[in-house]
Amino acid sequence: MPLPFGTFDRDGRLLAANLAFADLLSIPNHMLSGKTVWEIMPRREAQLLKKGLEKVSVNKKTITIEEYRPSIDHGRYYRMILFPISSPADEKDIFGLLSIDISEQKMSKEKIRESKERIEAIFNSVQSGIMLVDWESYQILDVNPAACKLIGLSHDEIVGHTCRNFVCSPKNNKCPLEDKYPSATGKELMTNSEQTLIQASGKKITVLKTVKTIIIEGKKCLLESFVDISGQKRQQTQLKRMYSKLKKLNINLEKEIAFANEMAIEAEKANIAKSEFLANMSHEIRTPLNGITGMVGLLLDTGLNRQQQEYAETIIQSSNTLLDVINTVLDYTNLETESVKPGNIEFNLIDLVLHVSEIIKIKAQRKGLRFTHTVTPGVPLLFTGDPEYLRQILVNLGSNAVKFTEKGTVSLTVTVTPEKAGRRKMLRFSVLDTGIGIPKDTQDFIFKKFTQVDASSTRKYGGIGLGLTISKRLVELMGGEIGLKSEPEKGSEFWFTVPFTSLECQQPQSIAESYDNTCPPPQKAKQQPETDGNTETTILVVEDNLINQRVAVALLRKMGYSTDTAKNGAEAIKALQKNDYNLVFMDIQMPEMDGLEATRQIRSSTSDSIDPDITIIAMTAHALKEDRDKCFDAGMDDYISKPLSPDALSDLLKRWLP
């Protein structure tokens, strides 16, 4: 394609131009001839061209003018080349103008400039000390302000010195990096290694150091970054035993996770095998986790100092995070099997909404958010469906809304959709927030598994990307649909609908007015016979793991209950033959006789020394729905999963004991 070309006289009048030049000016070719530069170009470009013509006319030499934009509308930059054209003596001077598109080069230069400014800004503002050292001479080439502060000298006092015996303290007068030099650049010589840094005062501090080789302007250098960890090192002696246990647990978890990854490959071929494996994995992780959270919870009540209190609370928070991950993965795995079907029982919708609202409200209050919930008039109090699925969906959506909202409001609304021809009446649940919102281009795949809006290594919000996937699957199992409306920086609305069959009990004008005797909850806990107020309540704890046994006993005694223990089902039956108990907490997986078999024998007992109707509550690390079903099928009255929550344990005891 020809370059834009035109000819001008000394006064700046266009004599002739090719079509490419006409297209460049966005003016038809037939309208260009005879026009002056002032008539066809922006003022700046016209001035540049006029001065250029005068210069070429005097010097008779070719000149070049950069950043020339013949047309504002064209939006691109050109290099202007002006040169004289020979003409007969009796003719006026003629000059040629050739335009070369340099937009890409200009953009590349601009990007390089911006990139350099960004790197310099990061270098100067990052909180870690950064130092650039010559590969061969060990001479310090540059340092950032954070490094100057750590060393205790100014930039000029550091640059130019060698790092040996100045910044780092080598062993045997040898650089700790020499043995690690790679043959090629780009490799990390040292990653998060504890090294000694010498400050200007002579004081030696421990730093966490990373060193990488880079090439700058053809020169091989060492890029060293370091952060002061002296304070942390001093604190390591505190709670040493607790950290030692956590370290061992971490090693075991890494082994279990590595094993889980191997098993996951096989699990793709057999969904059932994967479910069984994760159920066992849950049991093995929950069992020690119950011991950790239980013991740390008891430790918190022993009068720790402030720092010990913070460490112990951090352990509790980390354990709860791990438990959330385990529960989410188990939920997702359980839903992958085709045999999963929603329940169909009667339940009170208002009770369910209030229960979910309490959970979300607590999370919202921790972030200083306002939470509201509304059940519109006409929504039935009682209907048939799966309350557990509804609860899980609402908690997932509500927790997500709180997580991604920094200020403002999160609200939950329940309405009845208008009935349409050929379509049954639906309940509509909506969770609205004023959070960060979701871009349009990511909304289509937000419900896919392991998907998050920001999946980068620097993302602000945690999670494994399964909550919405699980919610979508549950909604679809119940015959409904789920969707969202969102706008970045303004908030999101996640909604879902489910079909329902209402009973003859309609909600009055407000939720508060619905608490009367006209619509009692359909399920009630088993009533215990009344006992004398002076009678001591004794509970039998059946648990083979001694640590978990100690945790359960300590929690129950702290609540004021007397306890006995047994380490398997056979011992539990013997204990029930000898003593009277008000309640039994029964582990499931135990040697000799497991909890399910022990429960079946107790329920079928005809012995006068055993009460076959005694309250038996499963207390187990098995957490899948089918595990709960097995407990109830064996004759157990209720279920609590490990790790034990003191609040959940207290609520359970209030429900089953007089």
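Contact here means heavy atoms within 4.5 Å. This is a predicted model, in which local features need pLDDT of at least 70 and side-chain atom pairs count only at pLDDT 80 or more, while totals for chains, interfaces and linings use all residues. Residues are numbered from 1 along each chain as its sequence is written, and side-chain values use heavy atoms, with hydrogens and water left out. Helices (H or I, at least four residues) and strands (E, at least two) are DSSP runs, numbered from the N terminus.

**Helices α11 and α12**

- The axes of helix α11 (residues 349–366) and helix α12 (residues 387–403) come within 10 Å and cross at roughly 25°. Axes are lines fitted to C-alpha atoms, for helices over the stretch in contact, and angles run from 0 to 180 degrees between N-to-C directions.
- Angles under 35 degrees count as roughly parallel, over 145 as roughly antiparallel, 65 to 115 as roughly perpendicular and the rest as oblique; α11 and α12 are therefore roughly parallel to each other.
- From α11, the residues L352, H355, V356, I359, I360, K363 and A364 meet P387, L390, R391, L394, V395, G398, S399 and V402 of α12.
- Sorted by class, the contact of α11 with α12 has 10 nonpolar, three polar and two charged residues. Ala, Val, Leu, Ile, Met, Phe, Trp, Tyr, Cys and Pro count as nonpolar, Asp, Glu, Lys and Arg as charged, and the others, Gly among them, as polar.

**The mixed sheet**

- Five strands make up an open sheet with mixed pairing, in the order β12-β14-β15-β17-β16. Two strands pair if DSSP finds at least two bridges between them.
- β12 (370–375) and β16 (481–487) stand at the edges with a single partner strand each, so one side of each is left without a neighbour in the sheet.
- From one strand to the next, the twist averages 10°.
- Seven bridges pair β16 with strand β17 (residues 491–499) in the antiparallel sense. K485 has E493 in β17 as its bridge partner.
- Helix α11 packs on this sheet and touches β12, β14 (409–416) and β15 (426–433); the direction of α11 makes about 170° with that of β12.

**The antiparallel sheet**

- Another open sheet of five strands has antiparallel pairing and the order β2-β1-β5-β4-β3.
- Its edges are β2 (14–17) and β3 (63–68), each with a single partner strand, so one side of each is left without a neighbour in the sheet.
- Here the twist averages 25° from one strand to the next.
- β3 and strand β4 (residues 78–85) are antiparallel and pair over four bridges; the bridge partner of I65 in β4 is M80.
- Helix α3 (residues 43–59) packs on the sheet, where it touches β1 (5–9), β3, β4 and β5 (94–101); the direction of α3 makes about 175° with that of β3.
- β1 and β5 run antiparallel and are joined by five bridges, and F8 stands opposite F95 in β5.
- Eight bridges pair β4 with β5 in the antiparallel sense, and P84 also stands opposite F95 in β5.

**Salt bridges**

- The whole structure holds 14 salt bridges, each defined as a side-chain nitrogen of Lys or Arg within 4 Å of a carboxyl oxygen of Asp or Glu.
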